[in-house]
Amino acid sequence: MKNLLKFEFHKLFRQKSFYVCAGIMAAFSILSIILIELVVKTTPDMSNLIDTPRSVWDIMLGTLNNANFVLIAGIFVAIFVCDDFSSGTIKNIYSRGFSKTKVFFAKLIVALTAVLIMYFANLIISIIMGLILFGTHLFHAKYIGLLFAQLALIIGYSTFAFSVSMIFKKIGPVIAITILVPMVIGLFLSLFDVALGLESLKAADFWLEGMAARLSTVATLPLQIILSAIGSLIYAAIFAVIGWYSNKKLENY
Amino acid sequence: MSYFIETNDLVKQFSTKTAVNNVNIHVNKGDIYGLIGRNGAGKTTLLKLLLGLLEPTSGDIDLFATEKLAARKRIGSLIEEPGLYKNVTAYENMKRFSILYGADVNDINTILEKVSLLNEDRPVREFSLGMKQRLGLAIALINKPEVIILDEPINGLDPAGIRDFRNIIQKLNKEGVTFIISSHLLDELAKIVTSYGILSDGRLLEEFTSTELRTRCTDYGKIITNDNALALALIKQNFPDVKAKQSGKHVEISEGLESLGDINKLLVKNNLTVTELTKCTQSVEEYFLGRLGK
């Protein structure tokens, strides 16, 4: 396992896509923050319509949405994982006596670490941008809870992208599934909520996309934060088990 | 007798197709074992089973009488197209796999020199097929494997590339590395192989050494005249013990070769122009094609 982790980390830090995706996230983050501020300043009426971040900490929490974080993280995970399958190098790994389970978890650990590094880099950029635009503000303990819940959500979403990559192995289909499936599931759950007239307890709120929206605002209730964090980790565990089991059974390389 | 590598009634079934059917191969230490068969005979599947890239449906694989995962750390391989990171250099490819296999990165240049890729700074995507094959072999050599499994390693290589590859294999074999090689290029394979296994429709037809093979390659006579049909008729009429048949643009004598001189006299006496009359030994390729029913 130690060699597998060293190997995967070595690859990660030499992979251009890691830096490119992190750069795109940072650019999205900065541009989104500037865009919202410009809209609010040039069109004062808009400030009532747009849920604008008004403090450095609001901007920090918006990292998840401003940078289209989960979307780009999913694409990065797909590129990182599928590389070994598309180049055929996975044969050089399995044929030297590394078990599928160890390969799976070594790749998962490194992919999640990469995504968390990207997240923290974006968080720092958001905080710097917030400080430039708004200066310092009072920090609430609730922000810590929201950040932890965001981390759990990122782990959940990235594990989904990872498992899809380990099952389908081809970058095109994997990116399509990683982007489209969460959206389609979110859409169907929203339709389900509307059809049943659910208002207080919505099914869509318990899907990754619904939780991402809730965890980007300070208005979210503490109970919802806890439920979102737990839900995300449960999703991560489920996706990991599905990915591990399917990968163990599949022989298409 | 215990073998270095052997399989016991190995079976691999893909839905309705049995790709490997009760195969028992036996590889001795120091062998260059040639696996021969037509496309779809099950060669690649068998090699993938040995390497753990596929799970057997039934049967067993014995690798150095050791636990399989541990044993596979002592096996290098090059299966189908070499698995390479195309956007980095040969050295970086070697470094990645050296880290993975727990090998000394200081050995990388020695190995790259063996395959003539030392100081090659271009990304692998710019390599020729031969260079990629040699880099694939270099990766297989990391951590000094005791066995190297190669699947069609010389396919697509030019004559110089084939010669280089053959020289590397022979050199490594002299250093004690055991090889299992599958190839379509039978005469090329025959230059280095010490033992053979013939696969057909997933079954192992037979195994034998290269020495045994030489005794199996039979002699035959080849006659070309200005009228082969008449020549064949005369031979059949005058030499009932001789077995002759029309084969392409010549008459082939498979039995009664001691009569070749008399046959020559007969043909000339009947005013036929004999442009060729030779006693040939069956080539390795001809033997295998005959054995595979082609």
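This is a predicted model: local features need pLDDT of at least 70, side-chain atom pairs count only at pLDDT 80 or more; totals for chains, interfaces and linings use all residues.

Colleague: Let us begin with chain B. Which domains does the domain assignment give for chain B?

Modeller: The assignment divides chain B into domain 1 (5-215) and domain 2 (217-291). Their C-alpha centres are 41 Å apart. Where the two domains touch, domain 1 of chain B contributes 8 residues and domain 2 of chain B contributes 7 residues.

Colleague: Which elements give two or more residues to the side of domain 1 of chain B that touches domain 2 of chain B?

Modeller: They are α7 (186-190) and α8 (210-216) of chain B. Of the elements on that side, α7(B) gives the most, with 3 residues. By class, this side of domain 1 of chain B has 6 nonpolar, no polar and 2 charged residues.

Colleague: I now turn to the sheets. What is the general idea behind the pairing of strands in a sheet?

Modeller: Strands of a sheet pair through backbone hydrogen bonds, and they do so either parallel or antiparallel. In chain B, an open sheet of 6 strands has the order β6-β7-β8-β4-β9-β10, and its pairing is mixed.

Colleague: Which strands of chain B stand at the edges of that sheet?

Modeller: They are β6 (75-78) and β10 (203-209) of chain B. Each has a single partner strand, so one side of each is left without a neighbour in the sheet. On average, neighbouring strands here are turned by 15° against each other, with direction ignored.

Colleague: In what sense do β7 and β8 of chain B pair, and over how many bridges?

Modeller: Strand β7 (residues 147-151) and strand β8 (residues 178-182) of chain B pair in the parallel sense, over 5 bridges. To follow one of these positions, take B:Ile149, whose bridge partner in β8(B) is B:Ile180.

Colleague: Which strands of chain B does helix α1 of chain B lie across?

Modeller: Helix α1 (residues 43-51) of chain B lies across β4 (32-36), β6, β7, β8 and β9 (195-200) of chain B. The helix runs at about 150° to β7(B).

Colleague: What is the strand order of the open sheet of 4 strands in chain B?

Modeller: The order is β12-β13-β11-β14 (chain B), with antiparallel pairing. At its edges stand β12 (243-247) and β14 of chain B; each has a single partner strand, so one side of each is left without a neighbour in the sheet. Neighbouring strands of this sheet are turned by 20° against each other on average, direction ignored. Helix α10 (residues 260-269) of chain B packs on the sheet and touches β11, β13 and β14 of chain B. The direction of this helix makes about 165° with that of β14(B).

Colleague: How many bridges join β11 of chain B to β14 of chain B?

Modeller: Strand β11 (residues 219-225) and strand β14 (residues 274-281) of chain B run antiparallel and are joined by 7 bridges. For β11(B) and strand β13 (residues 250-255) of chain B, also antiparallel, there are 3 bridges.

Colleague: Let us consider pairs of helices. At roughly what angle do α3 and α5 of chain B cross?

Modeller: The axes of helix α3 (residues 90-101) and helix α5 (residues 129-141) of chain B cross at roughly 25° and come within 10 Å. That makes α3(B) roughly parallel to α5(B). The crossing is right-handed. The contact is made by B:Ala90, B:Asn93, B:Met94 and B:Phe97 of α3(B), together with B:Leu135, B:Ala138 and B:Ile139 of α5(B). These residues divide into 6 nonpolar, 1 polar and no charged.

Colleague: Are α6 and α10 of chain A roughly parallel or roughly antiparallel to each other?

Modeller: The axes of helix α6 (residues 69-86) and helix α10 (residues 171-196) of chain A come within 9 Å and cross at roughly 155°. The two helices are therefore roughly antiparallel. Their crossing is right-handed. Among the residues in contact are A:Leu71 and A:Gly74 of α6(A) and A:Ile171 and A:Val174 of α10(A). The contact has 9 nonpolar, 3 polar and no charged residues.

Colleague: Finally, how many residues does each chain give to the contact between chain A and chain B?

Modeller: Chain A gives 20 residues and chain B gives 23 residues. On the side of chain A, the elements giving two or more residues are α1 (2-13) and α7 (89-94) of chain A. That side comprises 6 nonpolar, 9 polar and 5 charged residues.

Notes: Residues are numbered from 1 along each chain as its sequence is written. Chains are lettered from A and ligands numbered from 1 in the order in which they are written. Ala, Val, Leu, Ile, Met, Phe, Trp, Tyr, Cys and Pro count as nonpolar, Asp, Glu, Lys and Arg as charged, and the others, Gly among them, as polar. Domain bounds come from an automatic or database domain assignment. Axes are lines fitted to C-alpha atoms, for helices over the stretch in contact, and angles run from 0 to 180 degrees between N-to-C directions. Angles under 35 degrees count as roughly parallel, over 145 as roughly antiparallel, 65 to 115 as roughly perpendicular and the rest as oblique. A crossing is left-handed if the near helix is turned anticlockwise from the far one by less than a right angle, and right-handed if clockwise. Two strands pair if DSSP finds at least two bridges between them.
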